[in-house]
Amino acid sequence: MGVIQQIKLLIIGESGAGKSSILLRFIDDSFSHSFITTIGIDFKIKTVEIDGKLIKLQIWDTAGQERFRNITNAYYRGAMGIFIVYDVTDRKSFESLNEWKRNVEKLSTKDVTVILIGNKCDMESDRKISIEEGRAKANEFNCNFFETSSKNNIGIEEAFLTMAKDIYYRTKASEEDAIQLKKENVITLSNEKSTKTSGCC
Amino acid sequence: MSNTSKVWSIHSNYLPGQVLNLKMKENWKSKKDSTSAVRKDSTNRKSIENGIFVNGTSFSPSQSSPLSDVTTSSSASHQEEKMLSDVALLNSMSIRYKKFQALLENNVIDLEQLRKLSWSGIPEEIRATVWKVLMGYLPTNTERRDATLERKRKEYEEFYAQTKSGGLDESLHHQVRILYCWAIRHPASGYVQDCQDVSNVSKLEQDTLTKVEADSFWCLTKLIDGIQDNYTFSQPGIQRQVARLKELVHRVDVTLSNHLAKEQVEFIQFAFRWMNCLLMREVSLKTTIRMWDTYMAEGSEGFSDFHLYVCAAFLCKFSQELKKKDFQEIMIFLQNIPTSNWGEKEVEILLSEGFYYKSLFHNSPSHLNKN
């Protein structure tokens, strides 16, 4: 069974929100307490199965720091799905979400799938953003929402699979549409041709 | 034997430079009088705990001469063979060390000579001092040293006072503190090479700590001076370096360059970090420190121009592997380049290759122009 599709994903959000940790959990099923800031951009791949089909996820992990925007902005265009990540224990990371969303609208393709992630949900005593507040933001963005914990492995697999499925079905549907459209075009063309021919004679 | 091996195990906790140093003494002392070796070593240990070793002055060349005793009386037993090779290593280290020591003892240090010598690596025990001289922080004229240091440290103290009143950028100041804490946690770095862990440092006097902080600040400033536009808005220095690297690789390894282009690998995707972090994410800290010996010996352009040539050599080193890979495999490979088993030899080859490229292409910019 070969890989039938490749999906490009992007992870964005404030520095320290836990973007790289989420990816590390999803790829390696591991967690590290040390904070190593991402420089520019990192790259990982993982193959998942949807409806018995193998889908290769190509995931770009970006640096959250403002000074790397120049580099990271270049990666929005090719992304089919974007995770916007905030830290539930850090209000600043939540308040910057609108800016991240604006960036998505400005830089990525129109039909990109967005998922909002509230990370570090294991740190209940430090929580500043309630799950309701997170949900409300996701409604505002009109996107799916997950609370996750890289440390305790909560919600991460689901978030990635939801993303992959959404893109898989969406592209499959549009491909079918395209095939349908092509067929119709062929018919129209041949019709045209026949009328023309007849007209000519 | 039981006595000496006990001493050895105690000291095996310390850093390589220190261990070898003590082991050498132990080897010849044990031939004569093992108890005195224990005494000698425990004095050393005490002084380490007292933080006297900060600049590493324990390596006295006179201690190495009795090594010849061991050499002549050795038989062919396995253990002694091992010991002999250790002795040979120690001897060459000792000779190197003596050369540095002789240079540093002059009233006016010959900077040109010091550069030449440092290019091939600086002994750990005196690295902190040599780096400060090479960076131009410590005056080559020994008479002016104390006054300069005192002035610079006072200047820093004034900065510090301003910080408290909100004058200097507070985050910058914190960063220095953070960098210093980081240095403590990575014991191979200059100042704290003999401190095994943070607890040892806490024994340092507050006064010493302030001095170390001031020196760190000034040395960092000197280092960043040369690569400042790497870290200004939109990082033009890095953008330029990455573009130059791309051209350079096209010159020295056109098949690799073409393969990367064919696979649509952009240099910015991997080399941005190489420039931003000076390859520190790609090699071990020990390797980085050795590389910096050479960078500093290269003078003011070591961290900019010379680093570029080293990066080219670094990429081309993996040319064969890279050429067999597609886009994804290349990206994965370049994010986890197999350098964990690198030792002194590998770093030195890399630096030599960098030097080779530099001599070919530096000051001949037209060699770099694509036709």
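Student: In strand 6 of chain A, which residue is the bridge partner of Leu116(A)?

Tutor: Please keep in mind that this is a predicted model. Strand 5 of chain A, residues 113-119, pairs with strand 6 of chain A in the parallel sense, over 4 bridges. In strand 6, the partner of Leu116(A) is Phe145(A).

Student: Which residue takes a positive phi in the hairpin of strand 2 and strand 3 of chain A?

Tutor: Strand 2 and strand 3 of chain A run antiparallel and are joined by 10 bridges; within this pairing, Lys46(A) has Leu57(A) as its bridge partner in strand 3. The hairpin has 2 residues between the strands. The residue with a positive phi, near 50°, is Asp51(A).

Student: Which residue of chain B meets Asp42(A) in a salt bridge?

Tutor: Between the two chains, 16 residues of chain B are in contact with 18 residues of chain A. The rule finds 1 salt bridge across this interface. At 2.7 Å from N to O, the side chain of Asp42(A) meets that of Arg273(B).

Student: Which residues of chain B lose the most area to chain A?

Tutor: The size of an interface is often given as the accessible area lost when the parts come together. Here chain B and chain A bury about 1,400 Å² between them, with 53% of it on carbon and sulfur atoms. On the side of chain B, three residues together account for 35% of what that side buries: Arg281(B), Gln328(B) and Gln335(B).

Student: At roughly what angle do the axes of helix 15 and helix 19 of chain B cross?

Tutor: In helix 15 of chain B, residues including Arg290(B) and Met291(B) meet residues of helix 19 of chain B, among them Val347(B) and Leu351(B). By class, this contact has 5 nonpolar, 2 polar and 3 charged residues. The crossing is right-handed. The axes of helix 15 (285-297) and helix 19 (344-361) come within 10 Å, and the crossing angle is roughly 35°.

Key. Residues numbered from 1 in each chain as written. Chains lettered and ligands numbered in written order. Predicted model: local features only at pLDDT ≥ 70, side-chain atom pairs only at ≥ 80, totals over all residues. Heavy atoms only, no water. Axes fitted to C-alpha atoms, helices over the stretch in contact; angles between N-to-C directions. Left-handed = near helix turned anticlockwise from the far one by under 90°. Contact = heavy atoms within 4.5 Å. Nonpolar A, V, L, I, M, F, W, Y, C, P; charged D, E, K, R; others polar. Pairing = 2+ DSSP bridges. Buried area = accessible area lost by both parts, 1.4 Å probe. Salt bridge = Lys/Arg side-chain N within 4 Å of Asp/Glu carboxyl O.
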